[in-house]
Amino acid sequence: MQFDVLLCACRLFGESASNQLEEMDQITNVMEYQEIARQKLPKMVYDYYASGAEDQWTLKDNRNAFSRILFRPRILIDVSKIDMSTTVLGFKISMPIMIAPTAMQKMAHPEGEYATARAASAADTIMTLSSWATSSVEEVASTGPGVRFFQLYVHKDRNVVAQLVRRAERAGFKAIALTVDTPRLGRREADIKNRFTMPPYLTLKNFEGLDLGKMDKTDDSGLASYVAEQIDRSLSWKDVKWLQTITSLPILLKGVLTAEDARLAVQNGAAGIIVSNHGARQLDYVPSTIIALEEVVKAVQGRVPVFLDGGVRRGTDVFKAMALGASGVFIGRPVVFSLAADGEAGVRKVLQMLRDEFELTMALNGCRSLKEISRNHIVADWDPPRVVPKL
């Protein structure tokens, strides 16, 4: 009898594993990972990754705004060879698609940031590690070679900041991505409802030895309480200057949405700008990143590279961002959702699918290299009526 039960259980497990493998094989686009992640993750964790601030208008528009841009493809161009490679801050990568910082990845999968780092390295692209990672800078560096950036929040205790930056430098990280849109945490109502806190078996590994690695349980969002206690609300342009005195690493400002701040970023020595609305998790009713991008690009006038982070789910999205002047894009949620669904293999597949889609979009628009992608390849619904040139 016991043997029969065991045999039945083994069969059921085998069928379940087989069904899961089949499900992964059938994925044809990045968006499909989100539903698998929703089914697999605890509600509190899924909602933390998936939700935005307040009404979530910007969360929806981060995606919807891409559909307000159409292509103007050029035909009869030899596209038998396509080169997607590019250089970011002097580092050559295989494509202009990089990994954004997303916190606490071991909530999605036991290997967390280790798996993401290996997938990025295999795809020959850049991974940005979150300050609030569940793996330390040293642990991520130990996964092997790869170009990696470190995302930084400025804590009230500047010694903590200086220590973190020094550790990132020693671990071989190549740039600091300073988040500038979080003096306070946005109102994320799903986290408040769920009383979000990090699972007790995890720690924010970069802060482990500083008694800052744990998050207390509260009556609303544990993360909001953590930010209120630890993150410096007085952060200003003088701190960007201060950061340059403690590190020789290039500093990217992440969270710029306006021409005014883009110009100030250049004046204050930023090596690059990441147009980001924090995955629509901070201030609701700010523009989607793709809408804000062109204003920022025009303001910097080519003095520093501008990147886009937010809403990218298709190779067509990457092309549209490049046509509007971006030097590359970062992806966040697709990474954690694919990580939850299938670990390192999932992240690898997301990067490969986006690469394949982007290559196809380039070919069908008549572009053989990134420098051939131009504003003339797209028309946006905010453009003035196009005057057809006379023959």
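Visitor: Is Arg188 buried or exposed, and what is its relative accessibility?

Guide: Burial is read from relative accessible area, and under 20% counts as buried. Arg188 has 4% relative accessibility, so Arg188 is buried. The model is a predicted one. In the chain, Arg188 belongs to the loop that runs between strand S7 (175-179) and helix H8 (189-194).

Visitor: What share of the residues in the protein chain is buried?

Guide: Of the 391 residues, 54% are buried. The accessible surface of the chain is about 17,800 Å². Carbon and sulfur atoms account for 54% of that surface.

Visitor: How many helices and strands does the protein chain have?

Guide: The chain has 14 helices and 12 strands. Contacts say how such elements are brought together in sequence terms. Taking contacts between residues at least 6 apart in sequence, 71% join residues at least 24 apart.

Visitor: Which residues does the UniProt annotation "binding site" cover?

Guide: An annotation of this kind may be inferred rather than shown by experiment. Here the UniProt entry, which is unreviewed, gives "binding site" for Tyr48, Tyr153, Arg188, His278 and Arg281. Of these residues, Tyr153 is included in the lining of the largest cavity.

Visitor: Which residue does UniProt list for "active site"?

Guide: The unreviewed entry lists His278. The residue sits in the loop between S9 and H12. With a relative accessibility of 10%, His278 falls under the 20% limit and therefore counts as buried.

Visitor: What does His278 touch, leaving out residues up to four places away in sequence?

Guide: A contact list shows what packs against a residue from elsewhere in the chain. For His278 the list is Tyr153, Thr179, Asp181, Thr182 and Arg188. Tyr153 and Arg188 also carry the "binding site" annotation in the UniProt record. The side chains of His278 and Tyr153 are joined by a polar contact of 3.4 Å.

Visitor: Where is Arg281 found?

Guide: Arg281 is in the loop between strand S9 (272-276) and helix H12 (289-300). Its relative accessible area is 9%, so Arg281 is buried. Beyond four places in sequence, Arg281 touches Tyr48, Tyr49, Ser51, Gly52, Ala53, Gly186, Arg188 and Arg333. A polar atom of the Arg281 side chain lies 2.6 Å from the backbone oxygen of Tyr48.

Visitor: How many residues apart in sequence are Glu54 and Arg281, and how many Å apart in space?

Guide: Sequence separation and spatial separation are read as two values. Glu54 and Arg281 are 227 residues apart in sequence, and their C-alpha atoms are 8.4 Å apart. Glu54 lies in the loop between helix H3 (43-50) and helix H4 (57-64). Its relative accessible area is 40%, so Glu54 is partly exposed.

Visitor: How many salt bridges does the structure hold?

Guide: Side chains of opposite charge can pair when their charged atoms come close. The structure holds 20 salt bridges. One of them pairs Asp61 with Arg68, with 3.2 Å between the closest N and O atoms. Asp61 is buried at 8% relative accessible area, whereas Arg68 is partly exposed at 29%.

Visitor: Are Lys205 and Glu208 buried, partly exposed or exposed?

Guide: Lys205 is partly exposed at 22%, and Glu208 is partly exposed at 41%. Their side chains meet in a salt bridge with an N to O distance of 3.6 Å.

Visitor: Which parts of the chain does the pair of Asp309 and Lys254 link?

Guide: The side chains of Asp309 and Lys254 form a salt bridge at 3.8 Å, N to O. The pair links distant parts of the chain, with Asp309 in strand S10 (residues 306-309) and Lys254 in strand S8 (residues 251-256), 55 residues apart. Asp309 and Lys254 are both buried. Elsewhere, salt bridges with shared partners join Glu111, Arg118, Glu344 and Arg348 into one network.

Visitor: Where is Thr86 found, and what is it in contact with?

Guide: Thr86 is in strand S2 (residues 86-88). Its relative accessible area is 16%, so Thr86 is buried. Leaving aside neighbours within four places in sequence, its contacts are Phe91, Lys92, Ile93, Met95, Pro96 and Leu370.

Conventions. Residues numbered from 1 in each chain as written. Predicted model: local features only at pLDDT ≥ 70, side-chain atom pairs only at ≥ 80, totals over all residues. Heavy atoms only, no water. Helix = DSSP H or I, 4+ residues; strand = E, 2+ residues; numbered from the N terminus. Buried < 20%, exposed > 50% of the residue type's maximum accessible area, 1.4 Å probe, protein only. Contact = heavy atoms within 4.5 Å. Areas by Shrake-Rupley, 256 points an atom, 1.4 Å probe, with all protein chains shown as cover. Salt bridge = Lys/Arg side-chain N within 4 Å of Asp/Glu carboxyl O. 1 Å grid on protein atoms, 1.4 Å probe; cavity = no way out; pocket = protein on both sides within 12 Å on 5 of 7 lines; lining within 4 Å. Polar contact = N/O pair within 3.5 Å; in protein donor to acceptor, adjacent residues only side chain to side chain.
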